[in-house]
Amino acid sequence: MCPTMNILSVEKTKENEYQKGVRHLCESGITRIPKKYVLPISDRPLIVKKQEKNDENLNLPIIDFAQLQGPNRCQVLKSLAKACEEYGFFQLVNHGIDSDTIQHIIEVGKKFFELPFEERAKYMSTDMQAPVRLGTSFNQNKDGVFCWRDFLKLSCHSLSSDLISLWPSSPIDLREAAANYSKQTIFLYQLLIGAILESLGIVKEHINDSQNLKEFEDGSQLLVLNCYPCCPEPDLTLGMPPHSDYGLLTLLLQDEVKGLQIQHQGKWLTVEPIPNSFVVNVGDHLEIFSNGRYKSVLHRVLVNSSKSRISVASLHSLPYSSKIQPSPKLINESNPKLYKDTDFATFLEYISSYEHKSKSFLESRKLPS
Ligand SMILES: O=C(O)CCC(=O)C(=O)O
Ligand SMILES: [Fe+2]
C-alpha cells in the first residue's frame, strides 16, 4: 500500500472510532484529547481561576411555579415576562414534579451511559428523525470539530406503547422512568406555556382559530439525555457548542455538576444549579411567535476534568403540522412583523441540512428591517 493510502485509511479508522462516542473514547484510557475535539483558540472556553469565579456565576431569575398557580399570578406573570425578555432563561422552583421522578430519570440516564458499548450501540443512528437515537457531539454528520457529549434522544410524540417499546430495554427501568418523566413534564409544560401566552397578553379568548391554544398544548416533545464524561483537557473543548434551542420551550434538568453557560450582555455566565429545579429557556419558535419580544438565547456547556455530568432536556415544540409565525396579535404599526412564516417541514429540513450552530435558523427567518 502506498504511504498516502495508509495515512488515509488510518484517518478513516479514527473517524469511525469517534462516531462511537466520547464514553467509548474515554474507556480506552486517554490522557489527552484527540485533535478531533480540539477547538480553534477563538472558540475555546476561558476557564476562569477560582478567585474570579464569582464574577462569572449567574443567578438566573427564579419563578415560583406554586405562586403562579395562586393569588399572586399577576405579579409572577410580570416576572416571567421580564425573565423571558431580559435573559431568555429562568429557574423554575416548586414545580410540583416529585423528587423521585427526577432522581429516577437521572439515575437511569447514568446507568444507560455506563452500559457496555455493544449494548448502547444498538440504538446508534445518524438519522436525525429516528424515534430513538444514541449519538455523539452536536451534529456528528456535519461537525468538523466534535464536542465532548454523548446523547440519547427519545421522541415522546403521542406516548404510545409501540413508541415506548422502541426505547432501550436496558437498564430495566429506563422505559418506566422516561415515560413517567415525559408525562409529568408535558403536564408542567402545558401550564407553563399557558402562563407564557398570558404574559404576552394572549389569553384564551384572543387565540384565533388559525393558531389556537391546542397547538401549543399538543405539540411534540423530545427528551434528550446528555452525558458529558470527565475530560482530561476541558479548556480545549466544549460539551455543547453555542446554540439556541429550536422549539417553544426547553425544560432542562441538570445534576449537581455545573457546566451550562448562557450568553448574557456579551458575556458567558455559568448557571448555578439549584437542586430540584428546572432551567427553562425560550426556543427559536417562541422568539418568532412573540415577534422577538422573548429571546431565544445562545448557550453552551463546559466540561471538567473531575466529574462527569448528566442533564435531561425536554424540548417542547409546535405540532409538525403547524406554521411557525409571529402572532398576529403582537403585530401592529409600532411592532411590525419581524420574521417570515415557516412551515415545519422547511424548518426540519433546515436543521438537518445545516450545521445548526449559533442563531442561524433565526437569522435566516428575519425580515429585512
Ligand atoms: O446540558 C446542558 O446543561 C444543556 C443542554 C442543552 O443545551 C440542550 O440539550 O439543548
Ligand atoms: Fe440547548
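User: How are helices H5 and H9 oriented to each other: roughly parallel, roughly antiparallel, oblique or roughly perpendicular?

Analyst: In this predicted model, local features need pLDDT of at least 70 and side-chain atom pairs pLDDT 80 or more, while totals for chains, interfaces and linings use all residues. Residues are numbered from 1 along each chain, and side-chain values use heavy atoms without hydrogens or water. H5 (residues 73-86) and H9 (residues 174-199), both DSSP runs (H or I, at least four residues), pack at about 85 degrees with axes 9 Å apart. Angles under 35 degrees count as roughly parallel, over 145 as roughly antiparallel, 65 to 115 as roughly perpendicular and the rest as oblique, so H5 and H9 are roughly perpendicular.

User: Which residues of H9 does H5 meet?

Analyst: Happy to list them! Contact here means heavy atoms within 4.5 Å. From H5 come Arg73, Leu77, Leu80, Ala81 and Cys84, and their partners in H9 are Gly194, Ala195, Ile196, Glu198 and Ser199.

User: How is the aromatic pair of Tyr37 and Trp148 arranged: stacked, tilted or edge-to-face?

Analyst: Nine aromatic pairs turn up in the whole structure. Rings of Phe, Tyr and Trp (its six-membered ring) pair if their centres lie within 6.5 Å, with planes under 30 degrees apart counted as stacked, over 60 as edge-to-face and the rest as tilted.

User: How many residues apart are Tyr37 and Trp148?

Analyst: Tyr37 is in the loop between helix H2 (22-27) and helix H3 (53-56). Trp148 is in the loop between strand E4 (132-136) and strand E5 (150-155), and the pair links parts of the chain 111 residues apart.

Key:
Chains lettered and ligands numbered in written order. Axes fitted to C-alpha atoms, helices over the stretch in contact; angles between N-to-C directions. Helix = DSSP H or I, 4+ residues; strand = E, 2+ residues; numbered from the N terminus.
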